Amino acid sequence: MLVPPYPGNTSTFGLLTANLRADLSTTLLIRSDEDAAMSRLNEALVPLRERTIEALRRDGYEGEPAIEQRLEVRYLGQNYHRDILIAPEAPLDPAAFRDAIERFHDDYAAFYGYDQRDEIVEVVGLVVTAIGARAGPAAELRPGVSEVEAGRRPVYFRERGFVDTLVVQRDSLAVAQALEGPAIVEESLSTTVVPPGLQLRVHETG
């Protein structure tokens, strides 16, 4: 089990440091054997890509986003599709479309155990994702600074009853330090219990 630094604030910290992201999708019905397959696909892809990037811009991202594009693909007549990552460019060229179809066959075989390469393939949806990388604030780790001395107190464990247990402050633990349970690790935003028979070790990230 991993216990991150400041576990009570993990979701807030993640919100501040996570990349910005915009996802837009549209429904299609394009058969792989139709003459206008490429033109119809690009007619949907190009404006969807532009709208996805614009959605990211409205969130305040000003850099050059990374783009992911996926086709929702199935064999003609089936009910369920597979998501296939395609080239990030737009418009797509015929080679990129052929590559996507081949990867659909491979993905289908890996998932279901067989493929139907002679069957018509149908594109039923298109998804574009724009990802704006950003550098949020780094966690400030200060191991080994607590002036609160370790103590001991009886703690109840269901399998053992009351056990004399070490109680320490998290910021008094040094990187790579290990403790054998039972132990209680206290900090301002959380408490971690190390049951008897388990071990705690401080990772280099804190």
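## Strands and how they pair

Two strands count as paired if DSSP finds at least two bridges between them. Strands themselves (E, at least two residues) and helices (H or I, at least four) are DSSP runs, numbered from the N terminus. With that in hand, strand E8 (residues 183-187) pairs with E9 in the antiparallel sense over 5 bridges. Ala183 stands opposite Val194 in E9.

## About the model

This is a predicted model, in which local features need pLDDT of at least 70, side-chain atom pairs count only at pLDDT 80 or more, and totals for chains, interfaces and linings use all residues. Residues are numbered from 1 along each chain as its sequence is written, and side-chain values use heavy atoms, with hydrogens and water left out.

## The open sheet

E8 and E9 belong to an open sheet of 4 strands with mixed pairing, in the order E5-E6-E8-E9. Strand E5 (151-157) and strand E9 (190-194) stand at the edges with a single partner strand each, so one side of each is left without a neighbour in the sheet.

A salt bridge (a side-chain nitrogen of Lys or Arg within 4 Å of a carboxyl oxygen of Asp or Glu) is formed by Arg152 and Asp164, at 2.8 Å from N to O. This pair links distant parts of the chain, with Arg152 in strand E5 and Asp164 in strand E6 (residues 161-169), 12 residues apart. For accessibility, buried means under 20% relative accessible area, exposed over 50%, and partly exposed in between (1.4 Å probe, protein chains only). Arg152 is exposed at 52%, while Asp164 is partly exposed at 48%.

## Salt bridges of helix H3

The structure holds 13 salt bridges. One of them joins Arg82 and Asp107, whose closest N and O atoms are 2.7 Å apart. Here too the partners come from distant parts of the chain: Arg82 sits in strand E3 (residues 82-86) and Asp107 in helix H3 (residues 94-112), 25 residues apart.

Asp99 and Arg103 also meet in a salt bridge (2.9 Å, N to O). Both lie in helix H3, 4 residues apart, about one turn of the helix. Asp99 is partly exposed at 38% relative accessibility, and Arg103 is partly exposed at 29%.

## A buried arginine

Now for Arg49, found in helix H2 (residues 37-58). Arg49 is buried yet has no salt bridge. The side chain of Arg49 does reach the backbone oxygen of Pro88, at 2.3 Å. Leaving aside neighbours within four places in sequence, Arg49 is in contact (heavy atoms within 4.5 Å) with Ile67, Gln69, Pro88, Glu89, Ala90 and Val128.

Conventions:
Lys and Arg count as positive and Asp and Glu as negative; His and the chain ends are not counted. A polar contact is a pair of N or O atoms within 3.5 Å; within protein, one must be able to donate a hydrogen and the other to accept it, and residues adjacent in sequence count only if both atoms are side-chain atoms.
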